[in-house]
Amino acid sequence: MRLKRKDLLGIEELSAEEITLILTTAESFREVSEREIKKVPTLRGRTVINLFYEPSTRTRTSFEIAAKRMSADAVNISVSASSVVKGETLKDTARNLEAMRPDCIVIRHASAGTPHMLAGYVGCSVINAGDGAHEHPSQALLDMLTVKEKKGRIEGLKVAIIGDITHSRVARSNIYGFTRLGASVTVAGPPTMLPPGIEALGCKATTNMEAALKDTDVVMMLRIQLERQKESFFPTIREYSRLYGLNEEKLRKAKPDAVILHPGPINRGVEISSEVADGPYSLILDQVTNGVAVRMAVFYLLLGAAREE
Ligand code: CP
């Protein structure tokens with residue numbers, strides 16, 4: 001089986017079958033990272049370029065490790081040390097990188113739609129590693145994989161996504177993914193951080209965090225995306241934390257076995273307390289572990305399986 005597409009640009013465009021294929025493939029790759037020699041030869045001779053125009057700890061490292069565990073050559077471009085700072089356009093950067101014959105470019109950019117533009121400029125595969133407030137597909141895939149691993153299913157679960165929904169690409173990709181696999185998603189946040197019409201994506205929306213938490217199976221907390229806000233969306237951090245921060249008391253509204261997710265980086269004491277982030281139901285580090293398996297699966301399905309066929 002392979003993905004019958006050149007690029008992974010968003011979850012919105014994926015069918016439930018394609019998401020399930022990626023998750024099942026990731027499950028089969030999970031054990032590679034537990035081996036003493038963490039490597040399979042599947043992508044030997046393939047080249048992956050990581051082109052990150054925004055900061056990243058988890059996503060960039062995870063894509064690089066995933067490529068290397070598949071025996072691909074991985075190259076990281078630091079945009080601050082590249083010719084982008086001399087004014088080179090995305091199109092010229094893309095055409096010059098393509099001239100070196102990579103098989104895949106992984107791109108993160110502050111502007112929504114940039115990976116889609118890049119995919120039109122190059123013949124190699126393009127993976128969206130986060131575009132503005134639009135989508136972060138590999139994050140949603142690793143989130144779904146983590147929930148599936150702990151709960152055994154996604155269909156029928158209640159998922160609450162809480163925080164800065166307006167500026168969150170993670171929220172958008174997860175709404176598409178979880179609803180497509182049959183979960184019920186509720187988003188919650190201050191009125192200034194809940195985009196009007198968000199229900200059109202298939203979720204419910206509320207400004208009442210405790211209502212969103214009621215009897216939920218999965219709680220996904222989001223960071224306030226200060227880097228995407230041009231104005232203040234709430235009076236003070238303290239006020240935000242009081243109304244929308246997750247602590248042990250608020251968590252009691254959820255099901256007793258509810259699991260906690262956060263894409264990271266976390267702001268301890270703002271959107272989540274340390275007791276909850278480090279507590280027994282937190283899957284935050286499992287998400288990071290699963291990120292490598294998901295990215296190995298995406299590389300395999302875009303590059304490796306295609307070559308075998
Ligand atoms: N979750 C996530 O995208 O983290 P980074 O910004 O560190 O890559």
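The legends below describe close-up views of a predicted model. Local features need pLDDT of at least 70 and side-chain atom pairs count only at pLDDT 80 or more, whereas totals for chains, interfaces and linings use all residues. Residues are numbered from 1 along each chain as its sequence is written, and side-chain values use heavy atoms, with hydrogens and water left out.

**View 1. The largest nonpolar core has 65 residues.** Such a core is a set of buried Ala, Val, Leu, Ile, Met, Phe, Trp, Tyr and Cys residues joined through side-chain atoms within 4.5 Å, where buried means under 20% relative accessible area, exposed over 50% and partly exposed in between (1.4 Å probe, protein chains only). Leu-141, Ile-161 and Phe-299 have the most contacts inside this core, and helix H11 (residues 284-308) gives the most to it, with eleven residues. Helices (H or I, at least four residues) and strands (E, at least two) are DSSP runs, numbered from the N terminus.

**View 2. Phe-63 and Phe-299 form an edge-to-face pair.** Rings of Phe, Tyr and Trp (its six-membered ring) pair if their centres lie within 6.5 Å, with planes under 30 degrees apart counted as stacked, over 60 as edge-to-face and the rest as tilted. Here the centres are 5.8 Å apart and the planes at 65°; Phe-63 lies in helix H2 (residues 58-69) and Phe-299 in helix H11, 236 residues apart. Both Phe-63 and Phe-299 are buried.

**View 3. Arg-169 lies in helix H6 (residues 169-180).** Arg-169 counts as buried because its relative accessible area is 7%. Between Arg-169 and Gly-132, 37 residues apart in sequence, the C-alpha to C-alpha separation is 6.9 Å.
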